[in-house]
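Dear colleague,

Here is the structure I promised to pass on to you, and below it I have set out what was found. Please keep it open beside the text as you read.

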Amino acid sequence: MSLAIVYSRASIGVQAPLVTIEVHISNGKPAFVLVGLPEKTVKEAQDRVRSALLNAQFKYPAKRITVNLAPADLPKEGGRFDLPIALGILAASGQIEPKHLRQFEFLGELALTGNLRGVQGIIPAILAAKKAKRQMVIASQNANEASLISEQETYYANTLLDVVNFLNNQARLPCASELTTQSAVNFSQENPKDLTDIIGQQHAKRALIIAAAGQHNLLFLGPPGTGKTMLASRLTALLPEMTDQEAIETASVASLVQNELNFSNWKQRPFRAPHHSASLPALVGGGC
């Protein structure tokens with residue numbers, strides 16, 4: 001079959017819209033054509049995918065390869081589509097059975113060696129795949145994030161070859177949900193900041209307790225060095241842990257930024273301390 005369809009997910013804020021990757025291989029002058037509103041990093045997938053396939057000992061078709069990222073009006077960015085594009089080429093060239101791709105969605109950047117690299121925004125993608133009743137295949141670097149969604153089967157792999165062997169029923173991929181218990185053991189619990197660390201400031205401590213109990217707003221005024229930030233940072237220790245739904249929503253935002261999610265205590269409410277000179281655009285993540 002010269003046509004293959006693979007499912008993936010884009011990243012638009014905390015949303016992960018579906019991207020259908022259509023790969024068609026036809027006779028003609030060897031070429032790789034990528035359409036569907038891809039940005040520069042997506043267009044560079046041509047060279048990454050070709051080298052990854054060759055180094056993984058697969059055949060790269062010496063024909064005209066057309067890859068369409070649908071819907072065409074949705075901007076695509078990053079290297080997250082490398083893995084599904086490579087699998088689409090393998091399926092269209094007969095090296096993978098296309099029907100094995102229907103129940104999965106794929107996300108991952110490819111190294112030239114064929115190894116998989118993690119991408120940002122993996123949690124919103126897994127939640128969207130769950131609603132679509134499909135399972136996600138990701139890079140092992142994103143496995144710990146995926147393990148937070150324990151009710152969804154998400155598979156992870158180290159290399160492109162591992163994924164192909166899994167699709168051909170020649171090997172098994174580990175499931176991220178199996179890491180849930182293990183993650184709780186491996187990641188050491190951090191000591192939360194507590195009010196007992198602060199000497200004095202009894203009135204300020206009582207104000208914190210009242211604000212936490214009644215969910216009130218609180219404003220600290222005073223010269224620099226009097227402990228305003230130190231006191232405010234202890235507020236999260238007074239609040240109850242987030243519910244599962246709240247924690248997943250917070251983790252979805254954190255997964256958009258690498259090395260931001262704290263796996264040791266991911267249900268603890270986050271604390272942000274922007275500098276007093278930060279502008280309004282900087283507060284929402286847009287410049288300084």
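Arginine 234 counts as buried, because its relative accessibility is 10% and the cut-off for a buried residue is under 20%. This arginine is found in a loop, the one between α9 (228–232) and α10 (235–238). If its neighbours within four places in sequence are left aside, the residues in contact with arginine 234 are Lys193, Asp194, Leu195, Asp197 and Ile198. Please bear in mind throughout that this is a predicted model.

As for the chain as a whole, its secondary structure comes to 12 helices and nine strands, and 41% of its 288 residues count as buried. The C-alpha atoms fill a box of roughly 80 × 40 × 30 Å when this is taken along the principal axes. Of the contacts between residues at least 6 apart in sequence, 70% join residues that are at least 24 apart.

Let me turn next to the helices, starting with α2. Which residues of α2 are buried? They are Ala45, Arg48, Val49, Ala52 and Leu53. When one looks down the axis of α2, these buried residues fall within an arc of 125°, so they line one face of the helix. Just after α2 comes glutamine 57, which takes a positive phi of about 70°.

Two packed helices are described by the angle between their axes and the distance between the axes, and that is how the pairs below are presented. Helix α2 (residues 45–55) packs with helix α3 (residues 82–92) at an angle of about 60°, and their axes are 10 Å apart. That angle makes α2 oblique to α3, and the crossing in which α2 passes α3 is right-handed. On the side of α2 the contact is made by Ala45, Arg48, Val49 and Leu53, and on the side of α3 by Asp82, Ile85, Ala86, Ile89 and Leu90.

Isoleucine 89 is found in helix α3, and it is buried, with a relative accessible area of 0%. Which residues does isoleucine 89 touch, not counting those up to four places away in sequence? They are Val23, Ile25, Phe32, Val49, Leu53, Tyr60, Pro61 and Ile65, and of these Val49 and Leu53 are also among the residues that α2 brings to its contact with α3. Isoleucine 89 and alanine 45 are 44 residues apart along the chain, and their C-alpha atoms are separated by 12 Å.

Helix α3 also meets α6: the axes of α3 and α6 come within 11 Å and cross at roughly 50°, and the two helices are therefore oblique to each other. Here, too, the crossing is right-handed, with α3 passing α6. Leu83, Ala86, Leu87 and Leu90 in α3 meet Leu160, Val163, Val164 and Leu167 in α6, and the residues of this contact of α3 with α6 divide into eight nonpolar, no polar and no charged.

The last pair is α4 with α11. The buried residues of helix α11 (residues 244–254) are Ala247, Ile248, Ala251, Ser252 and Ala254. Seen down the axis of α11, they fall within an arc of 160°, so they line one face of the helix. What do the buried residues of α11 pack against? They pack against α4 (122–131). The angle at which α4 and α11 pack is about 125°, with the axes 7 Å apart, and α4 and α11 are therefore oblique to each other. In this contact, Ile123, Pro124 and Leu127 in α4 meet Ile248, Ala251 and Ser252 in α11, and the residues of the contact of α4 with α11 divide into five nonpolar, one polar and no charged.

Key: Residues numbered from 1 in each chain as written. Predicted model: local features only at pLDDT ≥ 70, side-chain atom pairs only at ≥ 80, totals over all residues. Heavy atoms only, no water. Buried < 20%, exposed > 50% of the residue type's maximum accessible area, 1.4 Å probe, protein only. Helix = DSSP H or I, 4+ residues; strand = E, 2+ residues; numbered from the N terminus. Arc of directions from axis to C-beta. Contact = heavy atoms within 4.5 Å. Axes fitted to C-alpha atoms, helices over the stretch in contact; angles between N-to-C directions. Parallel < 35°, antiparallel > 145°, perpendicular 65-115°, else oblique. Left-handed = near helix turned anticlockwise from the far one by under 90°. Nonpolar A, V, L, I, M, F, W, Y, C, P; charged D, E, K, R; others polar.
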